[in-house]
Amino acid sequence: MRCVRVMLLGAALALSACGGSVPEATPSSTSAANPSRSCLASELIYDLTVPEAGRGEGYVVINIRAAGGGTCQLEGYPKVAFANQAGTSESGLPAQQQPGENARYEVRPGTVVPLVVQLRTQDAVGSPCELQHANGIIVTPPGGEVGTFLEYPTDVCSDMDQPMLKVWPLGVTFDQAYG
């Protein structure tokens, strides 16, 4: 898989290669003794990976990690949309939500919460379409108002009567979505 790490630190953007494996987070519950709050975009690191060639054409996996030492919570579906040429505003409709379990995840140092996104490219839809260039993807945590731009230049189908992206709930792995 190809991997790009994107981390928003104030106004600076840091990119690095990904390496090593980090365990995936498991669904959790919040007790009154250990309350948690929803994650803000600035508290998260996104590692965008592309499945191996020939398998999962048109899919990306975004592994979500904690940016610092704190813990926060994610639940449900992040808002995902293609980004315009400047990489600052959405282009097209937000991703269409795919069925799946809506679990709550504690995002803390040392764990990863996967997010699977399918891109509606010409290869993915299997027929010619009108192509539109996108510079990347904007991911906004569930319930959040501010998103993070992930660089991923690609051409997508824009003349379809449905969103150009599909997204699975947090925690669904590539094998579960693609399988």
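This briefing describes strands, nonpolar cores, a disulfide and aromatic pairs in one structure. The model is predicted. Its largest nonpolar core has 32 residues, and the strand β10 (residues 113-119) is largely enclosed by the rest of the structure. One disulfide and four aromatic pairs are counted.

**The enclosed strand β10**

- Seven of the seven residues of β10 are buried, so the strand is largely enclosed by the rest of the structure.
- In a regular strand the side chains alternate between the two faces of the sheet.
- In β10, Val113, Leu115, Val117 and Leu119 point one way, while Pro114, Val116 and Gln118 point the other way. Residues on both sides are buried.
- Strand β4 runs antiparallel to β10, and six bridges join the two. Within this pairing, Gln118 in β10 has Tyr59 opposite.
- Strand β13 (residues 165-167) also pairs with β10 in the antiparallel sense, over three bridges. Here Gln118 stands opposite Lys166 in β13.

**The open sheet**

- An open sheet is formed by four strands in the order β7-β6-β11-β12, with antiparallel pairing.
- Its edge strands are β7 (90-91) and β12 (148-157), each of which pairs on one side only.
- Two bridges hold the antiparallel pairing of β6 (residues 79-83) with β7. Ala83 has Glu90 in β7 as its bridge partner.

**Nonpolar cores**

- In soluble globular proteins, nonpolar side chains tend to be buried together.
- In the core of 32 residues, those with the most contacts inside it are Ile62, Ile64, Leu115, Val117 and Ile137.
- Another core, of seven residues, lies apart from the largest one. Among its members are Val116, Trp168, Val172 and Phe174.

**The disulfide**

- A disulfide is a covalent bond between the sulfur atoms of two cysteines.
- Here the bond is formed by Cys39 and Cys72, with their sulfur atoms 2.0 Å apart.
- Cys39 lies in the loop between β2 (12-16) and β3 (44-50), and Cys72 lies in strand β5 (residues 72-75), so the bond ties together parts that are 33 residues apart in sequence.
- The torsion about the S-S bond is about 95°, so the disulfide is right-handed.
- Both cysteines, Cys39 and Cys72, are buried.

**Aromatic pairs**

- One of the four aromatic pairs is Tyr59 with Tyr178, which is edge-to-face, at 5.5 Å centre to centre and 90° between the planes.
- This pair links distant parts of the chain: Tyr59 is in strand β4 (residues 59-66) and Tyr178 is in helix α2 (residues 174-178), 119 residues apart.
- Tyr59 has a relative accessible area of 9%, so Tyr59 is buried. Tyr178 has 36% and is partly exposed.
- The ring centres of Phe174 and Tyr178 are 5.1 Å apart and their planes are at 15°, so this pair is stacked.
- Both Phe174 and Tyr178 lie in helix α2, four residues apart, which is about one turn of the helix.
- Phe174 is buried, with a relative accessible area of 7%.
- Tyr59, Trp168, Phe174 and Tyr178 form one aromatic cluster.

Terms used
Residues are numbered from 1 along each chain as its sequence is written. This is a predicted model: local features need pLDDT of at least 70, side-chain atom pairs count only at pLDDT 80 or more; totals for chains, interfaces and linings use all residues. Side-chain values use heavy atoms; hydrogens and water are left out. Two strands pair if DSSP finds at least two bridges between them. A nonpolar core is a set of buried Ala, Val, Leu, Ile, Met, Phe, Trp, Tyr and Cys residues joined through side-chain atoms within 4.5 Å. Buried means under 20% relative accessible area, exposed over 50%, partly exposed in between (1.4 Å probe, protein chains only). A disulfide is a pair of cysteine sulfur atoms within 2.5 Å. Rings of Phe, Tyr and Trp (its six-membered ring) pair if their centres lie within 6.5 Å; planes under 30 degrees apart count as stacked, over 60 as edge-to-face and the rest as tilted.
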